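Biologist: I would like to learn how to read a model like this one, feature by feature. Could we begin with the strands and then turn to the backbone?

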Amino acid sequence: MRPWILQETSYAYVKEQPYEVAVLPLGATEPHNLHLPYGTDVFEATIVGEKLCEAAHEQGAKIVLLPTIPYGTETNMQAFPLAMNLQPSTLACVIADLVETLVTSGIRKIVLLNSHGGNDLKPVLRELYGRTEAHLFLCNWYRVLSDCYSELFTHADDHAGEMETSFALAYFPDLVRRNEQGQLAADEGKPHRSRFEAIERGWVGITRPWHLLTTNSGCGNPHEATAEKGHELMRRLEERLVPFLVELSRSPIDESFPFRRDAPESE
Ligand SMILES: [Zn+2]
C-alpha cells in the first residue's frame, strides 16, 4: 500500500488522516504521433502525481493523490479517431463536483495537476473563486521547466515530441512503438504553418485544428528522446514542485492565504 494514493488506501487508514492537500491529476485520451499510446497524458499525470506525492508524503506533507481524470478537451482533435472529448464546460463541471466532495471531506487545498494542453483550466479557478471554501492551485507540469527546457532537450515539444517521448521511454517504454530497425515508429512531428504571420508570431490565437496542423497528430520531433532525459525531467520536476506541496500542506488557511502577511517588498 502506498498510503498517499487514494486508490490503494482503505477507509481504515483514510479516516485517521488529517489530509491538508489533495492532488487531482488530469490527463487525456488522444493520439500521440504514431509511436506513443493514447493514454500518454493519463500515464504522465498519474506518474508525476505519484512521484510528487510520494516525496511530499515522506517529507511530512498530509497529502492525498486522487485518481486521474482520463478524458480531456479534444474539440480540435475530432478528425482523429477516438480522441475522447469532454467539452470545456463539462470538464469544469466534473472538477467543480470533485472540489465540493473534497471540501465536504475537509480538504480545502487542492492542486490540479494537468498533463494536457487542451485542458484550459484557469477559467475553472476563476469561476470557482469565492464560490467554494477550497483554494485551487493549477500546475501544468509540462510548463514547469520552460525556462531550462533547452538544458534537457534538443527539440521543442508541443505534443508527442522529445519531452513526452523521453517521459514515455523512462516510465512506460513497453508502450512506445518501434519499427523493425528499432527506431521510433514516428514521423518527424513537423507542424504545418498558418497562412497568417500574426498567428505564426503568436499575436493572434486560434484553437488549432490538429489534422491541419500535423501529419499524424504529433507536433515536435521525438527522435532524440531518451529515457535518461525523461528521468532528468522528473528529477527537476520534483526539485521544484515537492517543496511547494510540503509548504502548502504546512501553511494554515488564514485571511491572507496564500499571500505573506509581512509588508510588500519595495521596488
Ligand atoms: Zn500528451
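Biologist: How many bridges join β3 to β4?

Modeller: Strands here are DSSP runs of E with at least two residues, helices are runs of H or I with at least four, and both are numbered from the N terminus; two strands pair if DSSP finds at least two bridges between them. In this case 6 bridges join β3 (residues 109-114) to β4, and the two strands run parallel. Within that pairing, L112 has L138 of β4 as its bridge partner. This is a predicted model, in which local features need pLDDT of at least 70 and side-chain atom pairs count only at pLDDT 80 or more, whereas totals for chains, interfaces and linings use all residues. Residues are numbered from 1 along each chain as its sequence is written.

Biologist: In what order do the strands of the sheet stand?

Modeller: The open sheet has 4 strands in the order β2-β1-β3-β4, with parallel pairing. β2 (63-65) and β4 (135-140) stand at the edges, and because each has a single partner strand, one side of each is left without a neighbour in the sheet. Neighbouring strands are turned by 20° against each other on average, direction ignored, where axes are lines fitted to C-alpha atoms, for helices over the stretch in contact, and angles run from 0 to 180 degrees between N-to-C directions.

Biologist: Which strands does α9 lie across?

Modeller: α9 lies across β1, β2, β3 and β4, and runs at about 140° to β1. Contact means that the C-beta atoms of two residues, placed from the backbone, lie within 7 Å. By that rule, and leaving aside neighbours within four places in sequence, I63 is in contact with residues including V21, V23, L245 and S249.

Biologist: Is N33 buried or exposed?

Modeller: A residue is buried if 20 or more other C-beta atoms, placed from the backbone, lie within 10 Å of its own, exposed if 12 or fewer, and partly exposed in between. N33 counts as buried because it has 27 C-beta neighbours inside 10 Å, and A160 counts as buried with 29.
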